[in-house]
Amino acid sequence: MDTIKKFEDIAATRRPAQGLLRNERGIVLVVTMGMMSLLMVLVSSFTFKALMTLRNVKEAENNIRNRLLDESSQYDIQALIGGEFADINDARNLFPATKPSTQVYGPTFTSSDSPWGGRIYMASGFLDLGISPPTYTTRSPAADQSDTDRVFHVQIASQNYTPESAFSLDASDTLGWVHIYDQSDSYTDNDTPITSRFIYLVIDDSGKVKPEFICSTETAEGSEVRIGRHVSEISLRDIISDSDLATKLQSTSHTGGEMNSNSGWFSYYDIFKTMASNTADFWDTDSRKYEVLDNLFPHSSEVEAWFNGEHDKHRFDIERTSITVPNGWNTLTTDSDILQAAAKYWNQDSYGDDDTDSASSDTNGGIDYFKNGYDSAVAAQATDTQVQIKQVAANLIDFFDDDSDLAASTETVHAATTDWDSSTWSNAGTSYPTYCGNEEVPYINEIRFQVNYELGVATLMGEVELFYMYGDENDNTTGFDKTGLVLDVNCTLEASGVGATLVAISATADDIAPEDFDAVHAASPNGTTSTTILPHSYPTTGMLELTIGGATLGTIDVTASPTNLSSLAITIKHAVLKDSNGNLWDFAFDGVTTSPATTLDGTVAGGGSTSYISIEVNDPRNNQRTSEWTWGAWTDAPNSNGTMGSKNSASVLTHTAGGASQDAETAIEPCDISTAYIANTPAASPWALGAVHRGATWQTLNLSTYDTTVTINSMPSFGFGRYEAGDAHLLNEIKLGVQTKTSGRININTYNENVLTGLLSRVTVGGDYDNPGGGTAITDVGTLVTAIKAANGSAGGVPFRFRGQLASVSAMSAGVAGGGIAQATDAAKEEIICKVVNLTSVRQNYFTVIMTSQVIQDMISDYRGGKRGVFDSGVDQILAEQRVMAVMSRDPITNEIEVVSYEYIE
């Protein structure tokens, strides 16, 4: 009972179960609902994150697809450019600088004060939907032109690079999107959904100038001196009409300049941003912006090579100076240097090999123009054309080396480049040099002989004239000291008497002392006399007594003492002028020459019979060729024979302006010809090359004429030939400086008149080789610009394949450039050509590409009135978009296209 009682007591103390559930039921529900809510939040969060992740993945996928599309679109663009320029039979494809053609879209060239004035472009086409399956074409009326203004509108440093309205008129029938279709399933005709699309604009930026190189840190724009060495000599003031803009584009080292002297104008961004930052509202004048875009381009680079039809070849450096080697010409030789084949530019066996990415060393290699030279037509003046070419090579070396620099007070060596061994000077005159270079020394110009015969005794005397044709004719203070000169004239006197045997007398005159030069005959054309050999003078030796075998030629008994010496003649074997150190100055005659015959009466007691004869050379620079010497007639009057002390009667300057076989000149005296010059210093301008003697009478290198018969396919074997054909091809093969690549040169095939105007402005004519920037500035530049455009393929003619073809534009040398310039002399005819040619190129080909690619959700047909397979604006969705701006460079020789810069744009 007690136990039962305890249980009852315990039960009495507990609450009824039913009451407990009723009171706590809400709490449980709240807790449960809270747990459920938490679970729902967790589930929702997970779902949201999953959906976001899925969306991000999808967006990433679309972006990746877009990037891949972007990359593949580049190949399409390169294919379009490559296809446009693929035909190698079209010269405009090999050497373009903006090529108008049926495949080029854009406005007619207009002034630079309007959008796209003077600029042309190519653009994408579309997929022709009228056939099944859809086929890509770029030349049918565009079906999808939606949003073109926006996708092509680009701003650089907040300035419009492409005006938004630029395409509304020009591209209405040409510009369109390229559609990419779903290839994963089979669809009915014209119902294949679009998966993506791209559109591009290719702006041809060839033929413009690189402002970074035009703007010099040393010279303010507008103050340049044109010598033809570097593009910085071109003034922006002649290209940009806005003088304020031209001033600001120059270096900060000049007043008003904004270009950072340490960096240059590397991009349009630099130009637009710098001007806007430093000058408020500078770009409010749109014409300034258009002038920049139409005429300037921040990219320009090319190899220092010329294409010979098979290979790119290194250009030959005619400057040849460095810090350690002030004049590299001093060590050059004809055979091992000049007459070697030009070095290949690329490390390869033939053009187009795989290893075209590295340039070979430019330390070796000669000049193909001379190496390949041969033309039988030259044989009229050279029995062996190769001899003439070697003479030119020697002249080239002696022209630029400095071993005959009169301005150097310590310089004592005057040595002509020759292949003649000095040990042969003492022989009987049977050995001759193949060539003897033209140094700035006096040349053997005339020899006069006196022969006396009296009562069986013959006496031979000789007089030699040296002609110094260089220097200012008014310069009577400098010249050559005659001390130590050695003159060797090797000759033979031959005669036969009545009933006598033939008598041969060999005579040599040497070791001329200063007093042996006759001051009476040392008269220059202006009448000045001097004891030194002055510029523009005709110093003579006086009547020297010749020697035979070291003994004075005094009385020589003639065999059988005949009354008369009949058939008397003088044979010259050679004449040599050297200094006391054995350096060869000049060598005359490359073979024997014999005078006309005469008869002397020896019966006259106390006087006998005396006769005189003279031999003269036509061009004293070409006196090694015996064929250029002319004998006079025998005379008994000493002053009526020859032209000692004055111009040779044999010097026939028949050259006239435009003459076919000699330099164009107006001179009477040989010393006054425009190319009577030897630099004796490395080249400062290509113009100096025109003064190098050509190894033929009255001919220097003919740089004002271009051989139009030579094609690029014949270049491997083409070389030095006839004067009439011209030597302007040489300008393709030379450079100034050791660089293997260069930037900033102007493509002379450009259509851009402003650029050509800048190239030709400030060129002077009438300077001298020591001061190539002197003379009178041409004024009628427009005439030359028009003439070039009429020849370079942009307005007529065929594009230049070589920069030397500038010489084929007759206006460049015809005296039509204004300023009262006649261009009547050889130097003047070559002056304009040579002062611009090294600033030009024929192979630069640059394009700016603006491209937009999109990934598309092409909705099913009839959704909101749309149609699948056609992009419906406002219906189909753009899932991803990428805009790109790139610069591409094309090598016109290989048609290879390289991406130079690449950037994503907003």
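Modeller: A residue is called buried when its relative accessible area is under 20%, exposed when that area is over 50%, and partly exposed in between, as found with a 1.4 Å probe on protein chains only. Helices (H or I, at least four residues) and strands (E, at least two) are DSSP runs, numbered from the N terminus. The model is a predicted one, in which local features need pLDDT of at least 70 and side-chain atom pairs count only at pLDDT 80 or more, while totals for chains, interfaces and linings use all residues. Residues are numbered from 1 along each chain as its sequence is written, and side-chain values use heavy atoms, with hydrogens and water left out.

As background, the chain has 14 helices and 36 strands, and 54% of its 906 residues are buried. Contact here means heavy atoms within 4.5 Å; among contacts between residues at least 6 apart in sequence, 71% join residues at least 24 apart.

An α-helix has 3.6 residues a turn, so residues three or four places apart point the same way.

The axes are lines fitted to C-alpha atoms, for helices over the stretch in contact, and the angles run from 0 to 180 degrees between N-to-C directions. Helix 12 and helix 13 cross in a right-handed way; a crossing is right-handed if the near helix is turned clockwise from the far one by less than a right angle, and left-handed if anticlockwise.

Between helix 13 and helix 14 there is a loop that holds G796. This glycine counts as partly exposed, at 22% relative accessibility, and, leaving aside neighbours within four places in sequence, G796 is in contact with K789, A790 and A791.

T764 belongs to strand 31, which covers residues 764-768. With a relative accessible area of 8%, T764 is buried, and, not counting residues up to four places away in sequence, T764 touches P772, G773, G774, G775, T776, A777, E831 and K835. The C-alpha atoms of T764 and I227 are separated by 8.7 Å, although the two residues are 537 residues apart along the chain.

For another helix pair to set beside this one, take helix 7 (residues 268-278) and helix 8 (residues 286-295), which pack at an angle of about 160 degrees with their axes 11 Å apart. That angle makes helix 7 roughly antiparallel to helix 8. The contact is made by Y268, I271 and F272 of helix 7 together with K289, V292 and L293 of helix 8, and the crossing of this pair is right-handed.

Helix 11 (residues 385-400) gives a further view, because 13 of its 16 residues are buried, so that helix 11 is largely enclosed by the rest of the structure. Its 16 residues should span 22 Å at 1.5 Å a residue, and the end C-alpha atoms are 23 Å apart, which agrees; the expected span is 1.5 Å times one less than the number of residues in the helix.

Finally, T666 sits in the loop between strand 25 (629-631) and strand 26 (693-696), and counts as exposed at 58% relative accessibility. Apart from residues up to four places away in sequence, T666 touches A824 and T825.

Technical notes: Angles under 35 degrees count as roughly parallel, over 145 as roughly antiparallel, 65 to 115 as roughly perpendicular and the rest as oblique.
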